[in-house]
Amino acid sequence: MKSNGVQPAPKALSSSAAGERRRVLVVDDERMIAESIAVRLRAEGFSVDTAHDGPAAVAAARLIRPDLVVLDVMLPGFDGLEVCRRIQAERPVAVLMLTARDDENDLLVGLAVGADDYLTKPFSMRELAARVHVLLRRLERLAQVQPDPNQTPIVLGDLEINRAQRRVTRAGIEAHLTPTEFDLLVNLATRPRTVLPRERLLAEVWGWADASGTRTVDSHIKALRRKLGADLIRTVHGVGYALESA
């Protein structure tokens with residue numbers, strides 16, 4: 001029987017035995033890379049499945065319902081951006097994208113279709129594992145936060161942020177933000193006109209204490225500007241960003 005490109009993960013331990021194991025889907029057409037990532041993440045305690053092309057990745061995500069997807073951009077069948085669009089249309093899932101090209105347009109498109117973070121090849125397995133842990137901790141924190149229906153919206157000029165409903169409008173037009181973009185915007189909006197260093201934003205929004213991820217902050221800021229207007233967020237070169245009054 002022909003393989004569908006999905007390798008089943010080892011049976012997860014029960015929550016009573018060792019806590020619920022998080023499930024990760026690794027998608028890369030280079031099988032040695034996919035297996036190397038899988039081996040490292042299994043050593044970190046995750047249950048891991050792999051897929052090697054676009055259609056197999058979408059089918060695997062639908063079948064196993066992973067907590068996180070490590071997703072290469074360049075895939076046969078259809079690319080990782082299309083995979084991200086399709087799986088996010090079915091259910092929200094954390095996505096760490098891998099790209100062999102440090103192309104800003106590719107990165108912005110990846111963030112626009114729902115990716116939470118990205119790594120440019122080549123990367124260290126240590127950094128990849130750390131990013132996976134950070135993304136999953138963010139999901140856990142978000143799941144534990146109960147929305148307060150009485151929480152006052154943040155209003156700055158024509159920008160309105162409804163934290164209870166996680167909705168953002170500018171000049172009455174709703175902007176569709178990813179969860180990470182929303183959290184970054186709220187972080188800036190609670191301290192308007194205050195310059196926040198990239199490292200601080202990385203720590204507070206992503207929970208990432210290593211400054212090596214500041215490019216991630218820059219890419220998300222660009223995505224916010226594209227959705228909300230270039231005039232909204234001011235860059236202080238060499239320092240960080242500040243949200244201006246809309």
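Colleague: What handedness does the crossing have where α7 passes α8?

Modeller: It is a right-handed crossing, α7 passing α8. Bear in mind that this is a predicted model.

Colleague: At roughly what angle do the axes of α7 and α8 cross?

Modeller: Roughly 125°, and the axes come within 10 Å. Helix α7 covers residues 179-189, while helix α8 covers residues 198-206. That angle makes α7 oblique to α8.

Colleague: Which residues meet there?

Modeller: From α7 there are Thr 180, Asp 183, Leu 184, Asn 187 and Leu 188. They meet Leu 201, Glu 204, Val 205 and Trp 206 of α8. By class, the contact of α7 with α8 has five nonpolar, two polar and two charged residues.

Colleague: Take Leu 184. Buried or exposed?

Modeller: Leu 184, which sits in helix α7, counts as buried because its relative accessibility is 0%.

Colleague: And what does Leu 184 touch, leaving out residues up to four places away?

Modeller: Leu 201, Val 205, Trp 206, His 220, Ile 221 and Leu 224.

Colleague: Which residues of α3 are buried?

Modeller: Gly 54, Ala 56, Ala 57, Val 58, Ala 60, Ala 61 and Ile 64, in a helix that runs over residues 54-64. The buried residues of α3 pack against β1 (23-27), β2 and α4 (80-90).

Colleague: What happens at the start of α3?

Modeller: A side-chain oxygen of Asp 53 reaches to within 2.7 Å of the backbone nitrogen of Ala 56.

Colleague: And what follows α3?

Modeller: Arg 65, with a positive phi near 50°. Arg 65 is in the loop between α3 and β3 (68-72). With a relative accessible area of 51%, Arg 65 is exposed.

Colleague: While we're on backbone, which peptide bond is cis?

Modeller: The one from Lys 121 to Pro 122, with omega near -5°. Pro 122 is in the loop between β5 (117-120) and α6 (125-144).

Colleague: Back to β2. Where does Asp 49 lie, and what polar contact does its side chain make?

Modeller: Asp 49 lies in strand β2, residues 47-51. The side chain of Asp 49 makes a polar contact with the side chain of Arg 23, at 2.8 Å.

Colleague: Is Asp 49 buried or exposed?

Modeller: Buried, since its relative accessibility is 1%.

Colleague: What about Phe 46, where is that found?

Modeller: Phe 46 is in the loop between α2 (31-43) and β2. Phe 46 also counts as buried, at 5% relative accessibility.

Colleague: What is Phe 46 in contact with, neighbours within four places aside?

Modeller: Arg 21, Arg 22, Val 24, Leu 41, Val 132, His 133 and Leu 136. The C-alpha atoms of Phe 46 and Arg 21 are separated by 5.7 Å, and the two residues are 25 apart along the chain.

Colleague: Last, the overall picture. How many helices and strands?

Modeller: Nine helices and twelve strands. The protein has 246 residues, of which 47% are buried.

Colleague: And what share of the contacts join residues at least 24 apart?

Modeller: 61%, taken among contacts between residues at least 6 apart in sequence.

Conventions: Residues are numbered from 1 along each chain as its sequence is written. This is a predicted model: local features need pLDDT of at least 70, side-chain atom pairs count only at pLDDT 80 or more; totals for chains, interfaces and linings use all residues. Side-chain values use heavy atoms; hydrogens and water are left out. Helices (H or I, at least four residues) and strands (E, at least two) are DSSP runs, numbered from the N terminus. Buried means under 20% relative accessible area, exposed over 50%, partly exposed in between (1.4 Å probe, protein chains only). A polar contact is a pair of N or O atoms within 3.5 Å; within protein, one must be able to donate a hydrogen and the other to accept it, and residues adjacent in sequence count only if both atoms are side-chain atoms. Axes are lines fitted to C-alpha atoms, for helices over the stretch in contact, and angles run from 0 to 180 degrees between N-to-C directions. Angles under 35 degrees count as roughly parallel, over 145 as roughly antiparallel, 65 to 115 as roughly perpendicular and the rest as oblique. A crossing is left-handed if the near helix is turned anticlockwise from the far one by less than a right angle, and right-handed if clockwise. Contact means heavy atoms within 4.5 Å. Ala, Val, Leu, Ile, Met, Phe, Trp, Tyr, Cys and Pro count as nonpolar, Asp, Glu, Lys and Arg as charged, and the others, Gly among them, as polar.
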